[in-house]
Amino acid sequence: MRKNTESTKKVKKTSEKTVKAKVAKPGTKKSVPTDKSKDKEISNIYAQQNAILDNIPYMAWLKDTEGRIISANKIFAEYYDMNLEDIIGKIEYDFCDKDKADIFRASDIMVIKKGKQISFEDKVFERNQWKWVETHKTPVFDANREIIGVTGTARDITMQKQAEEMMNNRVEFNEFISKISSEFINIEIEEIDKKITEALESVAKYTDTGRGYLFIEEENKKYFRITHEWADRNFKSILDNFKRLKIADIGEYYDFLLRGEFFKLSKSDLKGRPEEDKLVKRFNQIGLKSSVNIPILLKGKLYGFIGFDAFENEIEWSEESVNAFILTAQVISNALERKDFVEQLIKAKVEADDANKAKSEFLANMSHEIRTPMNAILGFSELLKNVITEERSIEYLNGIIISGKSLLNLINDILDLSKIESGKLDFNYEPMNPMNLCNELKQIFSMKTSEKGLEFRVNIDESIPKWLIFDELRLRQVLFNLIGNAVKFTSSGYIELAMKKEDTNTDGSIINLIFEVKDSGIGIEESQRELIFEAFRQQQGQNTRKFGGTGLGLTITRKLLNAMNGEISVDSNPEGGSIFKVFIPKVHIAAIVGSSEINSDISLDSIKLKEAKILLAEDISTNREVVRGFLRKQPLEIIEAENGEQAIKLAREFKPDLILMDIQMPVMDGIEAIKKIKTDPELKHIPIIALTASVFNKDIENLKLLCEGYLRKPVSGYNLLRKLAKILMQEELEPKKIISDEKEEPEKEEDYIVNKEFFDFVNGELTEIWKSVSGTMGIDDIEEFGKIIIESSEKNNCIPLIRYGKKLLETTQSLRVEKMVKLLNYFPQFVNKFSKIC
């Protein structure tokens with residue numbers, strides 16, 4: 001057996017004097033005299049084991065205490081290139097060199113001294129190659145438990161060691177790659193470049209190379225340009241002039257990269273090429289011995305490559321090294337792709353922000369450009385109704401007004417949708433009573449449901465707090481859309497509005513609010529349930545002519561809810577029809593309550609403005625004319641300006657009592673003009689009311705800070721007078737009830753007998769207007785309906801209808817919704833009382 005220096009540390013050389021048996025002197029060629037009794041016992045043991053030894057697939061032997069080989073198997077003899085019979089009876093000094101024999105003998109003595117087995121592994125150089133050998137030596141006892149010899153086995157474990165080494169290398173490699181990969185997980189984008197350089201350094205050191213780098217392909221497809229590099233300090237100085245690589249210089253190897261394949265190149269591979277060859281010159285100039293290059297692909301296309309160079313020796317890259325290169329390239333590729341993706345997102349966000357800014361500007365302009373002519377259309381129509389008495393002309397005017405308001409509603413829907421999508425929609429959270437809201441919605445739709453014979457159910461969880469913090473206007477808009485659709489698509493059965501809650505925390509200050517709008521209508525196919533939430537889309541097969549609509553209601557509803565962190569879903573109702581479910585999370589319970597009553601207002605007939613001088617700044621002449629028409633009965637002097645600069649000049653000249661200031665004007669806009677007026681010591685006391693077509697709450701908030709009030713376009717005469725009355729009231733008037741409690745003269749039966757023409761008008765045209773108004777339930781529309789009733793009834797001296805029209809008109813002006821809805825719903829029953837003169 002052979003043993004290296006490392007193994008000698010495990011087996012100490014023991015003095016031969018510690019063993020009583022006689023041992024041959026080192027270097028002798030003679031056999032040691034035998035102890036016949038021991039030999040006989042050992043021979044008996046050998047006889048029992050002889051058959052086994054010859055079949056063991058590794059070396060096995062038996063020695064006596066003096067080191068003489070008593071038995072051995074054929075593999076043992078073959079190892080020493082000897083016959084078995086020539087080995088038996090000899091000691092290892094007879095056929096091994098002295099140094100090896102000393103080591104073998106020392107391990108035998110250790111076994112005899114300790115009286116137990118020892119095992120060790122040796123790395124030995126044999127037949128021009130290194131091998132690993134595993135040895136076990138065990139003492140042999142006689143019947144009296146005295147040691148009479150040593151038995152041993154030795155086997156070649158080189159393949160096992162290689163497998164272990166390979167496994168350790170694999171574990172080390174996996175840990176190395178995992179470390180590199182993990183460093184790129186969740187890394188900040190700005191840190192990616194630094195990490196790429198660190199990864200190149202780690203792989204270069206792991207594979208014993210002197211340099212790692214990343215080249216990217218330039219857009220011209222003619223050069224690769226280095227972007228990341230690590231080099232051992234011994235090689236940095238020679239690399240300064242090699243930051244750019246001409247693609248033509250690498251010749252056919254560029255095709256490898258295009259195909260997504262790596263390539264290895266050593267100096268010996270370039271033998272036979274001329275000295276002027278670009279690759280040869282490159283290798284020679286920087287002293288390069290070996291190089292490996294792996295492509296970096298982004299979205300399947302060549303982005304560049306990483307490479308590793310060796311300068312001291314040509315390297316035959318191991319499988320682990322090649323795998324390290326490839327996996328590193330993949331990690332870097334993923335990081336670069338993520339970086340590119342984020343950069344594209346940032347770019348897209350900037351573009352989106354720019355687009356939103358442009359969209360906001362467009363919305364502001366469109367709002368102004370559309371609302372300005374609408375202001376003139378509706379304003380002049382209102383003025384004409386006060387001077388035209390011919391019934392057919394009034395009918396035409398009513399058609400213009402109704403159509404104009406319908407157009408205005410459509411514009412509002414589109415603007416709402418645009419504001420939501422651009423993130424410009426603001427919310428006003430304040431205490432609201434959800435029960436009142438539900439009951440009010442029921443009243444608003446009660447006339448329409450009664451007309452269609454539908455049952456309207458309201459199902460409210462009694463445990464819901466009375467007051468919640470929410471944007472009532474937006475919630476009303478959501479539920480109004482859903483209930484309106486339910487009524488529209490249900491021809492028989494019922495509509496149900498249900499409200500429930502879910503508790504979310506232990507102190508009970510926050511709840512989840514759930515609304516359900518159920519109906520027994522036409523239902524919605526499962527395949528259509530997402531489509532109906534898309535803008536301008538309606539359920540497939542829906543009769544647009546029959547049901548109408550633009551397809552914006554549900555789109556706005558979903559987007560409104562999303563903006564409020566809510567959700568909407570639709571499902572089938574087991575009883576037929578549909579169920580729209582609205583889920584609004586984390587609604588706070590109000591610590592203070594709001595007012596559930598709407599205060600009475602001053603009647604328009606009581607508004608008498610004092611004599612005053614008003615400066616009207618408006619660039620559109622028709623709008624100025626509309627305002628003059630609204631104020632013609634008031635004792636006002638109106639001075640007109642066409643832009644902000646002119647307004648300031650006229651304000652200084654005439655010192656008006658009040659200024660009506662349009663916001664969007666040429667030369668100088670209204671905002672700048674207001675700021676200049678409010679900073680002028682002689683003018684800052686003048687109250688200013690802004691006229692705006694803006695749809696953005698932030699603009700309104702700015703106006704509230706700048707001036708005393710504002711009016712949104714289109715401006716109605718009613719709203720204008722109400723706003724002016726707060727500043728220019730002739731005297732303080734005691735608020736009086738809009739609908740008087742004074743006793744009216746009792747109606748007579750003959751008051752309900754009218755001429756045929758008026759009877760046909762009431763049951764025909766007037767009833768059609770009522771149906772249209774009942775469908776929209778717009779307060780302005782109902783107000784116009786009341787005016788039509790009064791005007792037509794006064795011409796025909798129909799006292800009951802005059803009183804009805806005035807009551808309806810007054811409820812709209814005082815915003816008494818409950819009474820207004822009751823009066824409107826009472827109209828068909830009221831009309832049935834009339835009869836015509838036969």
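## Charges over rings, aromatic pairs, burial and cavities

The charged end of Lys 723 sits over the ring of Tyr 710, 5.9 Å from the ring centre. The model is a predicted one. Another lysine, Lys 161, lies over the face of Trp 132 at 4.8 Å from the centre of that ring. The two arrangements are listed here.

| Charged residue | Ring residue | Distance to ring centre |
|---|---|---|
| Lys 723 | Tyr 710 | 5.9 Å |
| Lys 161 | Trp 132 | 4.8 Å |

**Aromatic pairs.** The structure holds 20 aromatic pairs. In one of them, Trp 770 and Phe 827 have ring centres 5.9 Å apart and planes at 25°; the angle is under 30 degrees, so the pair is stacked. This pair links distant parts of the chain, with Trp 770 in helix 21 and Phe 827 in helix 24 (residues 817-831), 57 residues apart. Both Trp 770 and Phe 827 are buried. Ring pairs also join these two residues with Phe 785, Tyr 804, Tyr 826, Phe 830 and Phe 834 into a cluster.

**Ile 769.** Helix 21 spans residues 756-776 and contains Ile 769. Ile 769 counts as buried because its relative accessibility is 12%, and the cut-off for buried is under 20%. Apart from neighbours within four places in sequence, Ile 769 is in contact with Asn 398, Phe 785 and Ile 788. Of these, Phe 785 is also a member of the aromatic cluster. The C-alpha atom of Ile 769 is separated by 9.9 Å from that of Glu 784, which is 15 residues away along the chain.

**Cysteines.** A disulfide is a covalent bond between the sulfur atoms of two cysteines. With a cut-off of 2.5 Å between sulfur atoms, the count of disulfides comes to zero. Two cysteines can be described by their burial: Cys 96 counts as buried because its relative accessibility is 14%, and Cys 798 counts as buried because its value is 1%.

**Cavities.** The structure holds six cavities of 30 Å³ or more. The largest cavity has about 210 Å³ of space. Its lining is made up of 18 residues, and those nearest the centre are Tyr 213, Leu 245, Arg 282, Ser 291 and Asn 293. Elements that give two or more residues to this lining are strand 6 (211-217), helix 8 (253-258), strand 9 (263-266), helix 9 (278-286), strand 10 (290-298) and strand 11 (301-310). Helix 9 provides the largest share of the lining, four residues.

Key
Residues are numbered from 1 along each chain as its sequence is written. This is a predicted model: local features need pLDDT of at least 70, side-chain atom pairs count only at pLDDT 80 or more; totals for chains, interfaces and linings use all residues. Side-chain values use heavy atoms; hydrogens and water are left out. Buried means under 20% relative accessible area, exposed over 50%, partly exposed in between (1.4 Å probe, protein chains only). Contact means heavy atoms within 4.5 Å. Rings of Phe, Tyr and Trp (its six-membered ring) pair if their centres lie within 6.5 Å; planes under 30 degrees apart count as stacked, over 60 as edge-to-face and the rest as tilted. A charge sits over a ring if NZ of Lys or CZ of Arg is within 6 Å of the ring centre and within 35 degrees of the ring normal. On a 1 Å grid over the protein atoms alone, a cavity is a set of points where a 1.4 Å probe fits but cannot get out, and a pocket is an open set with protein on both sides within 12 Å along at least five of seven lines; lining residues have an atom within 4 Å of a point. Grid points are joined across faces, edges and corners, and a volume is the space filled by probe spheres set on the points.
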